Amino acid sequence: MDYNRNDTITQELKTKFNLNVQIKDPQSRLFLKGYFKSDSEIHSSRFDKDDIMLALGCSNGQVCVYDLTRSERTAFYTYLSSKSNMKLPCTALRWFSSEKSTKMRQVLISANTDGTIMYKNVKTDSTIYQFKEEDDNEVYCIDALKNQLATCGKDCKVRVYDIEAQTLQATLEAIQWVQPGHNNKLFSVKIVPYEKNLVISGGWDQNLVIWDLRQKSQAGCIVGPKIAGDTIDIREGTILTGANRMSEQLQIWDLGTLKLIENIKWDEKVDAAGAFIYGSQFGKGKGYCVGGVAHGTNEFKMFDRIKGSYKEAMQLGGFNKGLYTMDFANTSNKCVIGGGDGLCLMLAIVPNKDQ
């Protein structure tokens, strides 16, 4: 997979990739800061905490890590199934950096469809730890916060691990007649940043479950969003969900009351936009924004909060295939998007005066 550094503006972005660009704010511009091309679908993407490294995971099992300061690939590996030696998709990526162990700094955690979790030190290009979840589970999403790793996938369970101790802390699941939970595949999991004892999960059963690790049981449930990708996020007591359905794709919920706060209209002109969301996030900067990538309409959109509600700020469409992953940078105005055609774009949207 090649990395090409760039600083082209909107018009050149249209010409190079034949994409449709619409920016609602006349004082802003969209910049292409770099792009990556793979011969397979891009399923996952993640900036490290300092936005120096970018990791991409692909459907052919490849995981590529790029040093964005030097415009070069620093690590590359392909996961092969231990049973069949087949190349299996990398479904999720998260970064971890230990304050105690030098060996565990700049570690990339990756998940694969055969249930394997791998810890890779990208500086030394060495595998620190690798394990496979039981019962032939397929892992579709992970989340890491401080020393906790949460996983979810095919078997409808959420597992929480201690990363450095490499131990399983809890398995969160439905127990017939005793405890409600999930009854279909899970595609998103999120550890609540300011309350490490709370974990949120969602999938095809249209239940958004809030788990309490202290009780190892369900603390609440929101019925509605059908989750099919890494689309759950949380900020300041509000939950963002991106749903895989024709309408009401992006929604904001109150974590305390579990009530709906806002429906963000994907397309203000129609109710059923046909955009099936596979990735969505809150922006990580000081301002309030939401981003989402879709299959069906094959586009990326950003929404800014204006006078208490979110309105469409920017749309980038015309991709040949659906988009499956996105990630906002942690310390800058950049974001990455990628999908079915193997193209990953690193973008920045900034006011005219800043360029």
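**View 1. Phe131 and Tyr161, a buried pair.** Phe131 is buried, and Tyr161 is buried too (under 20% relative accessible area; over 50% would be exposed, and in between partly exposed, with a 1.4 Å probe and protein chains only). This is a predicted model, where local features need pLDDT of at least 70, side-chain atom pairs count only at pLDDT 80 or more, and totals for chains, interfaces and linings use all residues. Residues are numbered from 1 along each chain as its sequence is written, and side-chain values use heavy atoms, with hydrogens and water left out.

**View 2. Aromatic pairs, starting with Phe17 and Tyr35.** Rings of Phe, Tyr and Trp (its six-membered ring) pair if their centres lie within 6.5 Å; planes under 30 degrees apart are stacked, over 60 edge-to-face, and the rest tilted. That rule gives ten aromatic pairs. Phe17 belongs to helix 1 (residues 10–17) and Tyr35 to strand 3 (residues 28–37), 18 residues apart; helices (H or I, at least four residues) and strands (E, at least two) are DSSP runs, numbered from the N terminus. Both Phe17 and Tyr35 are buried.

**View 3. Back to Phe131 and Tyr161.** Here the pair is tilted, at 4.9 Å centre to centre and 55 degrees between the planes. Phe131 sits in strand 11 (residues 126–132) and Tyr161 in strand 14 (residues 158–162), so the pair ties together parts 30 residues apart in sequence.

**View 4. Arginines over Tyr288.** Arg235 lies over the face of Tyr288, 4.4 Å from the ring centre (the cut-off is NZ of Lys or CZ of Arg within 6 Å of the ring centre and within 35 degrees of the ring normal). The charged end of Arg305 also sits over the Tyr288 ring, 4.0 Å from its centre.
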